[in-house]
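Visitor: I am new to this structure and would like to learn how to read its charged side chains. Could you walk me through them?

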Amino acid sequence: MTDDLIARLLRPAESRPTWEELADALWLAGHLPPPSEGRPGAEPIGPPEELDSRSHPEPGPAAGLRPPGADPPRPGTHRPYPEGSADVLPDTRRLSLPGGQDPVGNAIPVLLPTTPALPGALALRRALRPLGRRTPPGLRPALQLDEEATVDRVADTGFWFPVLRPAPTRWLDVALVVDDSVSMAVWDRAVSEFRALLQTAGAFRSVQDWTLPSEQSRSLGVVLRRGLPSAASATYSSPGELVDPNGRRVVLVVSDCISPPWSDGTLDQLLRLWGRTGPVAIVQPLPRRMWDRCGLNLHEVKLRSHAPGAANARLATTSRLSPDAPVAGMPVPLSLPVMRIVQRLMLPDPHPSQLAEIQLSGLLVRTEDSAGARGDHIVFDFLPGVREALQDGLGRKAARRILELVSTYLSERYDSPVHFPALLHGDDTAVAHLREHRPFAEVSAQVLRLISPKYETIAQRLERAPAPAPVAATDATEGARLVRGTPPPRAAELFDRETLLKELHQALTSGEDVTHVLYAPEGGGATAVAVEYAHTHGSEFDFVLWLSAGSPTVGGADLTRLAGELARRTEQGTEPSWLLVLDGAPPGEELPILPAGRRSTLVTSADPNWPEGFTVHRVPAPRRRKAIPLARMHAPALGASEATRLVERLDGSPLALELAATFLSVTGEPPEAWLDRLGPADAPSAGSPAPDPAVEACGISLDHVLREEPSARDLLHRLAVLAPGPVPVVLLSDREAGKNADPGLTALRRLALLRDGEPGGGRTFVHPVVQRACLARMTGDEPAVARRAVRARMVELFGADVPDVPALWSRFGALTRHLDPVGALGAKDPDIRELVLRQLRYLRACGDTAGCRALGTLALRRLAATAGVDHHGVETLAALLADVLQECGAEEEAAVLRTGPEGWLRQEPGGT
C-alpha cells in the first residue's frame with residue numbers, strides 16, 4: 001500500500017486521470033473530513049499538480065528545494081490521500097518526501113511501517129494451526145445455521161424457518177503471562193505483536209492477558225495482575241485462577257528468566273501448579289546461545305505425550321545425550337591409569353599400542369575438565385551411544401570382573417578399603433567409601449544392574465549424591481503427583497533402614513484402614529525415615545500430603561486444594577490413592593477432617609503409648625557397625641577407633657552422631673576433648689552411653705555458638721518458644737529482608753542445628769531436641785520476653801495481610817501453628833487479636849472450616865481465660881466462631897454461642 005501511495009505521488013503531471021477516476025475522486029472528496037477534523041498534526045499541502053511538478057523537477061536545483069518564482073502552496077487545501085488508520089499501519093514512523101511543507105522542514109510527511117519486532121510471524125502462525133481444531137460444544141453452546149437442514153425443512157413443509165445446531169467450539173484457551181521485570185522492557189513491542197498473532201491466528205477460543213510481577217514476589221508472594229504490563233490492573237489475583245480442571249487452557253509465560261525469583265526456585269512451584277492440569281511453556285525471547293546464562297537450570301530432553309494437549313505432569317521425558325548438553329547419568333570418564341589396569345588384568349599380552357588404537361578409534365573424546373592436561377591427567381569420555389552399545393554385549397561374568405577391577409584400582413591408588421564381596425552384600429562402609437569417588441560409584445551402579453536386578457537398591461545408594469539436598473514442597477517424590485505441605489529436608493544417608501522401609505511400605509499399601517505410627521525417641525530418626533519413604537515410594541500414590549502436628553493440627557489451604565483434586569478425580573470415575581504423613585504427633589492427637597479416597601496414614605511420634613486402632617512401628621537404633629559409617633560420613637577425618645568410642649557414648653543416636661561429627665568437622669576439635677565434655681575420663685560412666693545423648697550433643701553445639709556469636713542468644717530464645725518443625729526465618733531475627741544474613745543463623749546452620757527448606761521458601765526446620773536444649777538455657781522471665789518479641793514480629797510482618805487473597809495463603813499457613821506456643825491466642829493486645837482474627841478468616845476463606853473451628857475454639861477459650869468473658873474481644877471472636885459452627889452444621893452449638901459465650905464455655909470440654 002505504501003509503495004502504491006508513493007507511486008501516485010510521484011506520477012508525472014501530464015498523466016491525466018480518466019473520467020471514471022475523476023468521478024471517483026469527486027465522490028471521495030465529498031466524504032473526506034475538513035482539515036480541523038483530520039488527523040492531529042496533519043499539515044495542508046498543495047494540489048496534486050503542484051506536488052507532481054515539484055516531485056519531478058527539471059534539471060537544475062536539487063530535489064526538495066522550491067525553485068525561484070515557484071508559487072507558494074495554497075493555504076486551506078487538504079491532503080488528497082488520507083494517512084490511513086492505526087488499524088492499517090499498526091506501528092509506523094514518520095518519513096518525508098522532498099517537495100512539501102512540514103513543521104520541521106520543506107517536506108511532505110509520509111507514514112511507513114518499521115521493522116517488525118517479531119521475526120518469523122508467518123512461520124509461527126503456521127505452527128499454531130494444529131491447535132485450532134474444534135471440539136463438541138459444551139453445556140451452553142452457541143448456535144449456527146444448518147443450511148442443508150433448513151433447505152430440507154423448506155422443501156418438506158414450505159415454512160421458511162431456519163434450523164439451528166450447536167456450533168463446535170475451539171479446543172483451547174490461551175493465557176499469556178508476561179514477566180514484568182526490568183529486563184523485559186526491551187521486549188514490549190515483540191510481546192504486543194505476539195499477542196496480536198495469538199488473537200488473529202484463529203487457533204484459540206480466547207486469549208487472556210496477565211502480568212507476572214516477578215521482582216515483587218519477595219514482598220507480595222507470587223501474584224498476577226490482569227492485562228499486559230503496559231496496562232495491567234492495579235489489583236492482584238491468585239495464580240490459581242489459571243488452573244483449568246478440564247485441562248483446556250494453555251499457559252504461555254513470556255520471560256527472559258533473568259530476575260532472581262527464576263534462579264532461587266520461587267517460580268518453580270508456579271510452573272508446577274499450572275503444569276499439573278494443562279500445557280505450560282516458557283516463551284524465551286533471548287537467543288538460544290544465551291539460555292545457559294539465565295536463572296533456570298535447563299536440560300535438553302525429548303518429550304512424548306499419550307494424547308494431544310496433555311498436561312506437563314503427564315509428559316514422558318527422555319534425556320538427549322549430546323556433547324553440548326550433558327545431563328545426569330552421562331557415561332563415566334576414563335583416564336589412562338584406569339585403562340592400564342583394565343588392560344593388564346583383562347588381556348593376556350598387554351601392549352601400549354592397544355591403548356593407542358583405542359584413543360585413535362574415534363570413540364573417545366577429551367572432557368572439558370581436562371583441557372590442557374597431559375599424560376595420566378587426561379580424562380576421556382565415550383561419545384554418546386557408544387557405552388550403551390558396549391554394555392549390551394557385556395555378560396554377567398565380565399560385569400563382575402569389572403567390579404573387581406574397580407575395587408583393585410581404588411585400593412592401589414587411594415588406599416580405599418572397597419572390597420568386591422562387601423559391595424555385593426551392600427556393606428555400608430564399602431558403599432560410603434565408593435561414593436567418595438563419584439565416577440567409579442556411577443559405573444559400579446550401572447554394572448550392578450547388569451549383573452542382576454536384585455542389586456537395584458545398592459545401585460541407587462551408590463548413585464545418591466553425597467551431600468544432603470532439600471525436599472521441595474511440590475516435588476517431594478520422584479515423579480510424584482500433587483504433593484502438598486512442607487516436608488523436612490531429606491537426610492544425606494540412612495543407614496540400616498532398608499528393611500524398615502520395606503515393611504512400612506507393605507503395611508501402608510495393604511489396604512487396611514489402620515493408622516500406622518512410626519516411633520523413635522527424640523533424635524532417633526522417625527521423621528527422616530518418613531521423608532525417605534515419601535522420596536522412595538511417594539510416586540506410587542496419586543497424592544501426598546505432609547502435615548506438621550500443632551495445637552491444633554490444621555490442614556489449611558493445602559488440605560482444601562487436595563480435597564478439590566480428590567473430588568474432581570472421583571467425579572471422573574476414578575478412586576485416587578493418597579498418603580497422609582503427620583509429623584511429630586503425640587498420642588491422642590486429633591486429626592483434621594480428611595477428604596475421602598483410598599488413604600494411607602503415617603504418623604511419626606516420640607511416644608510409643610498409642611491406643612488401640614493404631615499400629616506402632618519402632619525405628620530401631622542403628623547397629624554399631626552401621627552407625628560408624630554415619631559418623632565418618634559427617635567427619636571424614638575421624639578414625640575408626642574414635643568413631644567407635646563416639647558411637648558407644650552416644651548410644652548410636654542418629655541425631656546425636658550427626659551433631660557431634662559435624663561439630664568435630666567444623667571446629668577441628670579433637671574427639672577426645674569433645675568426649676570429655678560428656679563427663680570426666682575417669683568417671684565410672686565415662687565409657688557408658690550418655691543419659692540423653694541427643695540433648696547433650698545439642699547442648700555442646702549451642703554453647704559453642706554462644707561463645708562465638710553472643711548475639712545469637714536472642715535467636716535461640718525465639719527458637720525455644722516457637723513450635724518445632726518448619727519455622728519462618730523472618731520470625732527469628734528483626735533484621736530487614738534483603739540485609740546481610742544473621743551470623744547466629746549462619747552458625748546454627750553450619751553446626752546442623754537448623755536445616756533450611758526448599759530454596760525461596762523462607763523456612764527453616766528446627767528439631768524438638770534443639771528447642772528443648774534452648775529452653776533449658778533460659779532463666780527467669782526470658783521465655784515471656786521471647787514470646788512478646790515473636791508476637792511483635794508477627795504483627796509487623798503479617799498483620800496487614802489480606803486473608804481473602806489466595807496468593808497470600810502460604811504466608812498464613814506458615815504462621816498458624818506458631819500462634820498458640822507464643823501466646824497469641826490469649827493475648828489482650830488489639831493488634832495481636834486482629835492477627836488471630838485474620839488467621840481464622842484465612843482458614844474460612846480457603847475452605848478449611850473444620851480447621852477454623854478448631855483454632856477458633858482454642859482461641860476463644862484462651863482469650864476468655866486471660867481477659868474474661870466480658871472482654872469485647874471475646875464477643876468479636878464468638879460472633880465469628882458462631883458463623884463457622886453454622887457452616888460446619890453445628891446449628892445447636894452456634895445458637896448456644898450466640899446467646900452468650902458463658903454457656904458455651906461451660907459446655908465446651910476444657911472450657912472455663
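Guide: Gladly! Let us begin with a definition: a salt bridge is a side-chain nitrogen of Lys or Arg within 4 Å of a carboxyl oxygen of Asp or Glu. Please keep in mind that this is a predicted model.

Visitor: How many salt bridges does the structure hold?

Guide: There are 20 salt bridges in the structure. The general idea is that side chains of opposite charge can pair when their charged atoms come close.

Visitor: Which residue forms a salt bridge with R195?

Guide: That partner is D209, and the closest N and O atoms of the two are 2.9 Å apart. The pair links distant parts of the chain, with R195 in helix 6 and D209 in strand 8, 14 residues apart.

Visitor: Is D209 buried or exposed?

Guide: Buried means under 20% relative accessible area. D209 has a relative accessible area of 19%, so D209 is buried.

Visitor: What does E658 pair with, and where is E658 placed?

Guide: E658 forms a salt bridge with R755, where the closest N and O atoms are 2.5 Å apart. This pair also links distant parts of the chain: R755 lies in strand 24, E658 in helix 23, and they are 97 residues apart. Helix 23 covers residues 654–667. Leaving aside neighbours within four places in sequence, E658 is in contact with R755, H634 and A752.

Visitor: How accessible are E658 and R755?

Guide: E658 counts as buried because its relative accessibility is 13%. R755, with a relative accessible area of 31%, is partly exposed.

Visitor: What about the salt bridge of D692?

Guide: D692 forms a salt bridge with R772, and their closest N and O atoms are 3.3 Å apart. Here D692 sits in the loop between helix 24 and helix 25, while R772 belongs to helix 28, 80 residues apart. Salt bridges that share partners join D692, R772 and E522 into one network.

Visitor: Where do negative charges gather on the surface?

Guide: Look at E147, E148, D152 and D156, which gather in a patch of negative charge on the surface. Residues in such a patch have over 30% relative accessible area and no salt bridge. E147 is found in helix 5, which spans residues 147–157.

Visitor: Is E147 buried or exposed?

Guide: The cut-off for exposed is over 50% relative accessible area. E147 reaches 59% relative accessibility, so E147 counts as exposed.

Key: Residues are numbered from 1 along each chain as its sequence is written. This is a predicted model: local features need pLDDT of at least 70, side-chain atom pairs count only at pLDDT 80 or more; totals for chains, interfaces and linings use all residues. Side-chain values use heavy atoms; hydrogens and water are left out. Patches are made of residues with over 30% relative accessible area and no salt bridge: like charges are joined within 9 Å, nonpolar side chains (Val, Leu, Ile, Met, Phe, Trp, Tyr) within 5 Å. Accessible areas come from the Shrake-Rupley method with a 1.4 Å probe; for residues, only the protein chains shown count as cover. Lys and Arg count as positive and Asp and Glu as negative; His and the chain ends are not counted. The place of a charge is taken as NZ of Lys, CZ of Arg, CG of Asp or CD of Glu. Helices (H or I, at least four residues) and strands (E, at least two) are DSSP runs, numbered from the N terminus. Buried means under 20% relative accessible area, exposed over 50%, partly exposed in between (1.4 Å probe, protein chains only). Contact means heavy atoms within 4.5 Å.
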